[in-house]
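Good morning, colleagues. Please take a moment with the sequence and the structure before I go through selected elements.

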Amino acid sequence: MTQKMEEYTWISIISDHPVFAGHAHPVLRRLASLYGVNITIKGPSDTSGEKYIKAINDAVKRKVAGIMLIGFPVKGVVAAVSKAIDSNIPVVTVDSDIPHSRRIAHVGTNWFKMGSGMADKLAELTGNKGKVLMLGMKGLANMEAGFRGFRQRMSDYPGMDIIGCEDDMDATTARAEKIVEEYLENHPDLSGIVGFDGNSGPGAARVLEKRGKHGDIKVLCVDADEMQAKHIKTGAIDAAFCQKREVFTSVAFQMLYSFNHGSAITGNIPGKVNIIGNIDTGHIIVTKDNLNTVEEELRLDEIYQRHNVIQRCNLLTNMVENIDSISMAVDSSGMVVYANPSAEKQLGYDHGKLVRVSIDKLFVLSPGIRDKMQDCLGRGIPASFDTVARKSEGAVFPVHVNIAEIKTGFHGKGIVLFAVNNTGRKRMEEEILRKNQELESFVYSVSHDLRSPLVSLYGYAENLYQGNMDKLDDQDKHYFNRIFSNIKKMEELIHDLLELSRIGRVIGERTDVKVREILREAAARFSEQLKENDIDVEVTAEGGCVINVDKKQIAKVMDNLMSNAIKYMGNGRKKHIELSCGKCGDNTRICVKDTGMGIDKKYHDKIFEIFQRIGGGKEETEGTGIGLAIVDKIIKGHDGRVWVDSALGKGSEFCFEIPRKKGES
Ligand code: ADP
């Protein structure tokens with residue numbers, strides 16, 4: 001079943017008048033397609049008050065979603081508006097208001113202001129002297145306000161005199177023309193004519209042009225459509241004061257739509273419009289000078305702009321309102337100024353009850369977190385942290401929080417805060433840790449169990465070899481040697497695996513150790529191998545460097561790095577290893593630099609993973625691909641990091657950094 005499109009209706013007397021057809025109708029059509037609603041134009045095409053009231057009553061019967069009404073002071077209009085409001089149909093008046101009615105708002109030009117503006121302009125054009133005639137439709141709220149504004153301001157110009165205010169209500173200019181003819185006959189010294197109705201100005205201009213008097217008598221009018229523009233060009237109309245019909249038409253529609261659907265301006269609650277009263281959409285003055293550009297000024301794509309702003313506002317509001325995480329805005333004193341429904345639900349507060357609650361009550365804020373919040377407020381630095389949230393009844397749960405500065409807003413500076421319940425992630429982290437430990441135990445016990453049969457295998461093979469030495473030919477001996485070397489390789493692999501699985505658990509016993517000692521001892525342990533391979537070693541350590549580490553584990557790191565430096569030295573250039581140490585910010589840095597074969601840049605990260613053997617000498621050198629994984633694990637276990645700087649053929653420098661203890665020099 002297709003749903004009937006929501007209908008909004010626009011009602012005016014002479015609703016197909018060229019002015020409305022030119023300004024309001026295209027806007028209504030665009031709004032209808034933008035919002036996916038039906039906007040009907042239902043007023044009569046004549047000046048019948050009865051038909052006008054009937055159009056309103058019919059709309060109420062049709063249960064339209066909203067009525068936009070150009071107010072005419074006909075009998076029964078106030079009652080018709082009341083009937084609509086009682087049927088829960090919102091009514092907004094545009095252009096001309098219906099005073100004393102229960103319409104929810106009026107949107108349009110402030111005619112009183114426009115009237116005083118016309119008085120100022122006329123005084124300027126006439127040099128502040130002469131007789132003035134006012135024309136317009138009497139009884140209409142907007143024009144009456146215009147008359148009042150004009151009169152009041154005119155009283156400030158003693159040289160000027162209003163000699164008449166005539167009702168020229170007509171669908172054509174004929175009546176205005178007739179009145180102006182009469183006045184010119186009786187008042188040859190008339191200096192200005194002000195027309196408040198769309199037809200008044202052109203009517204006056206025609207008469208003046210016919211008599212060759214245009215330019216002598218100053219004419220001001222409203223609207224700058226084709227009809228007026230023609231006379232502005234000839235100079236018969238000096239200035240036209242224009243309402244912004246496109247703007248007020250779209251503002252009024254958006255109010256009605258918001259009334260039904262809720263929006264940012266209604267606090268997203270349908271059935272409410274926060275703006276009640278008059279919205280002045282201003283006016284614009286058109287003269288010969290800006291006639292060509294005024295189209296652009298008037299018809300700026302304000303409708304689309306407003307639509308986009310409102311849509312964006314609605315989208316963001318919906319996002320924040322519907323998001324499953326706690327979102328809040330907090331002012332500079334730490335009070336909640338906005339909280340989304342999820343925040344209320346997760347923290348156990350009734351709707352609206354989180355506002356004005358201090359975040360101290362809602363989150364555990366350590367001094368470190370407070371510093372972050374201050375930095376966010378004062379310097380706009382965003383931050384994230386883990387903490388604990390407190391429910392209204394006292395229960396707590398872990399949260400991960402992101403904060404950012406709100407630069408402007410209703411409450412000045414503040415912080416926007418997003419928090420996600422961390423219980424799930426914490427559980428997952430614990431699970432991963434547990435699984436890792438299980439895996440390590442498994443690797444440990446498998447390696448351990450493999451070691452004994454391997455040792456006996458080696459023993460048996462050795463006995464066999466020793467016992468049959470004289471019977472073995474060269475081929476047999478070669479096979480035996482292959483067995484021995486492969487058993488050795490397996491032993492090495494098992495040893496490394498055991499090391500790797502043990503590290504996580506073993507780090508703990510930390511002591512203060514002089515780095516120079518660590519480096520010198522490492523060099524000493526390898527002295528024979530260094531000599532055999534013709535490599536010289538240099539230790540350049542700052543005297544005072546002390547680190548708080550598991551000494552055995554760091555010795556293991558040094559051994560792995562040293563043995564690699566020797567193993568991958570290659571032949572050729574001067575064979576040199578440098579062991580160095582120094583302070584780097586809050587860390588102590590230790591490096592092992594060699595002049596060996598080097599490692600291609602693309603492998604720099606990979607080599608720290610287990611079983612990665614990719615450097616230059618895979619074929620020529622023995623290895624398991626575990627050494628650097630052990631190094632990485634030990635250094636991470638000390639909250640440090642390890643990396644390599646190297647290029648193929650250029651040697652390598654392996655460095656690691658370990659944070660110094662607080663207060664350590
Ligand atoms: P293994 O040495 O047992 O192969 P490692 O984890 O110690 O395993 O090293 C991984 C890989 O990194 C080595 O196979 C080698 O290709 C490369 N590598 C490590 N140290 C050096 C070095 N100092 N010079 C050149 N390549 C190196």
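I begin with strands S6 and S7, which pair in the parallel sense over seven bridges; two strands pair if DSSP finds at least two bridges between them. Helices (H or I, at least four residues) and strands (E, at least two) are DSSP runs, numbered from the N terminus. Within this pairing, Gly130 stands opposite Met160 in S7.

A word on the basis of these values. This is a predicted model, in which local features need pLDDT of at least 70, side-chain atom pairs count only at pLDDT 80 or more, and totals for chains, interfaces and linings use all residues. Residues are numbered from 1 along each chain as its sequence is written, and side-chain values use heavy atoms, with hydrogens and water left out.

Strand S6 (residues 130-136) also pairs with strand S8 (residues 190-195), in the parallel sense, over five bridges. There, Leu133 has Ile193 in S8 as its bridge partner. Five of the seven residues of S6 are buried, so S6 is largely enclosed by the rest of the structure; buried means under 20% relative accessible area, with a 1.4 Å probe and protein chains only.

What is the strand order of the open sheet? The six strands run S7-S6-S8-S9-S10-S12, with mixed pairing. Its edge strands, each pairing on one side only, are S7 (160-167) and S12 (283-286). From one strand to the next, the twist averages 15°.

Helix H4 (residues 111-126) packs on this sheet and touches S6, S7, S8, S9 (218-222), S10 (239-243) and S12; contact means heavy atoms within 4.5 Å. The direction of H4 makes about 160° with that of S9. Axes are lines fitted to C-alpha atoms, for helices over the stretch in contact, and angles run from 0 to 180 degrees between N-to-C directions. Helix H7 (residues 200-210) lies across S6, S8 and S9, at about 155° to S9.

I turn now to a helix pair. Helix H2 (residues 49-61) and helix H3 (residues 77-86) pack at an angle of about 10°, their axes 9 Å apart. That makes H2 roughly parallel to H3, a term for angles under 35 degrees. Tyr52, Ile53, Ile56, Asn57 and Val60 in H2 meet Val77, Ala80, Lys83 and Ala84 in H3.

Finally, the domains, whose bounds come from an automatic or database domain assignment. Among them are domain 2 (111-243) and domain 4 (426-502), whose centres, taken over C-alpha atoms, are separated by 109 Å.

Methods:
Parallel < 35°, antiparallel > 145°, perpendicular 65-115°, else oblique. Buried < 20%, exposed > 50% of the residue type's maximum accessible area, 1.4 Å probe, protein only.
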